[in-house]
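Thanks for asking me to look this over. Here are my notes, in numbered points, to read alongside the model.

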Amino acid sequence: MNEIADIGYGRQFDGWYDRLFPKDGAAAGVAKKIADLHPDHSTGTLEFGVGTGRIAVPLSGHVGRVTGVDSSEEMLAALRAEPGAAGVEPVHGDIRTYTSDERYGLVYCVCGTLSMLLTPEDQALAVRRA
Ligand SMILES: C[S@@+](CC[C@H](N)C(=O)[O-])C[C@H]1O[C@@H](n2cnc3c(N)ncnc32)[C@H](O)[C@@H]1O
């Protein structure tokens with residue numbers, strides 16, 4: 001399975017995702033918490049389901065460049081337009097099948113992204129990729 005399953009997430013949420021999940025102090029607090037959990041910032045950081053960078057952008061301020069995988073081109077386009085987006089490398093991919101030669105000290109997945117994979121088998125695929 002190599003195709004990227006875009007479920008239309010970015011198109012469904014276009015214009016109001018950031019009102020539903022604001023880039024506020026709570027997001028900054030989660031980013032700080034993840035940075036504190038990171039075993040070694042120099043070993044790299046990968047987010048599965050990066051969206052518009054709500055967590056990855058502030059996290060990059062703590063740990064350096066974050067690679068963010070997402071299946072929605074629209075969400076990645078919104079991420080690229082964010083202030084601070086230079087801290088995140090957007091990658092168009094499906095977290096069930098994503099592979100990379102890079103190794104990351106921390107791979108994380110937040111905000112219910114795993115629950116968007118609708119079967120235990122698909123969730124297990126993503127966890128295995130991580
Ligand atoms: C609830 S949003 C979370 C976005 C971001 N992590 C945050 O905290 O704001 C879920 C994201 O997962 C992405 N997504 C859903 N299924 C995916 C899949 N199979 N592969 C990659 N990304 C996926 C969606 O496009 C969406 O951007």
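1. A definition to begin with: a residue is called buried under 20% relative accessible area, exposed over 50%, and partly exposed in between. His-62 has a relative accessible area of 37%, so His-62 is partly exposed. Please keep in mind throughout that this is a predicted model.

2. Staying with His-62, its place is in helix α4, which covers residues 56–63.

3. Now to the ligand. Which residues are closest to the ligand? They are Tyr-17, Glu-47, Gly-49, Arg-54 and Asp-70, out of 20 residues that surround the ligand. By class, this shell holds 10 nonpolar residues, six polar ones and four charged ones. As for location, the ligand takes up the space of the largest pocket.

4. A polar side-chain atom of Glu-47 is 2.7 Å from a ligand nitrogen, and a polar side-chain atom of Arg-54 is 2.8 Å from a ligand oxygen. How much of the ligand's area does the protein bury? Taken alone, the ligand exposes 600 Å², and the protein buries 98% of that.

5. Asp-70, one of the closest residues to the ligand, belongs to strand β2, residues 66–70. Its relative accessible area is 10%, and Asp-70 is buried because that value is under 20%. The side chain of Asp-70 also reaches the backbone nitrogen of Gly-51, at 2.8 Å.

6. Is Asp-94 buried or exposed? At 5% relative accessibility, Asp-94 counts as buried. Asp-94 sits in the loop between β3 (88–92) and β4, and its side chain makes a polar contact of 2.7 Å with the side chain of Arg-96. Across the chain, Asp-94 and Phe-48 are 46 residues apart in sequence, with 8.7 Å between their C-alpha atoms.

7. Phe-48 comes up again with Cys-111: these two are 63 residues apart along the chain, and their C-alpha atoms are separated by 10 Å. Cys-111 is in the loop between β4 (106–108) and α6 (120–129). With 37% relative accessibility, Cys-111 counts as partly exposed, because this value lies between the 20% and 50% limits.

8. I would also draw your eye to the backbone of Cys-111. Its phi is near 65°, a positive value in a residue other than glycine. For context, most residues other than glycine have a negative phi.

9. Last, Ser-42, in the loop between α3 (25–37) and β1 (45–48). At 65% relative accessibility, Ser-42 counts as exposed, since the value is over 50%. The side chains of Ser-42 and Asp-40 are joined by a polar contact of 2.7 Å. How far is Ser-42 from Ser-72, C-alpha to C-alpha? The separation is 28 Å, for two residues that are 30 residues apart along the chain.

Definitions and conventions: Residues are numbered from 1 along each chain as its sequence is written. This is a predicted model: local features need pLDDT of at least 70, side-chain atom pairs count only at pLDDT 80 or more; totals for chains, interfaces and linings use all residues. Side-chain values use heavy atoms; hydrogens and water are left out. A residue is near a molecule or strand if one of its heavy atoms lies within 4 Å of it. A polar contact is a pair of N or O atoms within 3.5 Å; within protein, one must be able to donate a hydrogen and the other to accept it, and residues adjacent in sequence count only if both atoms are side-chain atoms. Accessible areas come from the Shrake-Rupley method with a 1.4 Å probe; for residues, only the protein chains shown count as cover. On a 1 Å grid over the protein atoms alone, a cavity is a set of points where a 1.4 Å probe fits but cannot get out, and a pocket is an open set with protein on both sides within 12 Å along at least five of seven lines; lining residues have an atom within 4 Å of a point. A molecule sits in a cavity or pocket if more than half of its atoms lie within 2 Å of its grid points. Ala, Val, Leu, Ile, Met, Phe, Trp, Tyr, Cys and Pro count as nonpolar, Asp, Glu, Lys and Arg as charged, and the others, Gly among them, as polar. Helices (H or I, at least four residues) and strands (E, at least two) are DSSP runs, numbered from the N terminus. Buried means under 20% relative accessible area, exposed over 50%, partly exposed in between (1.4 Å probe, protein chains only).
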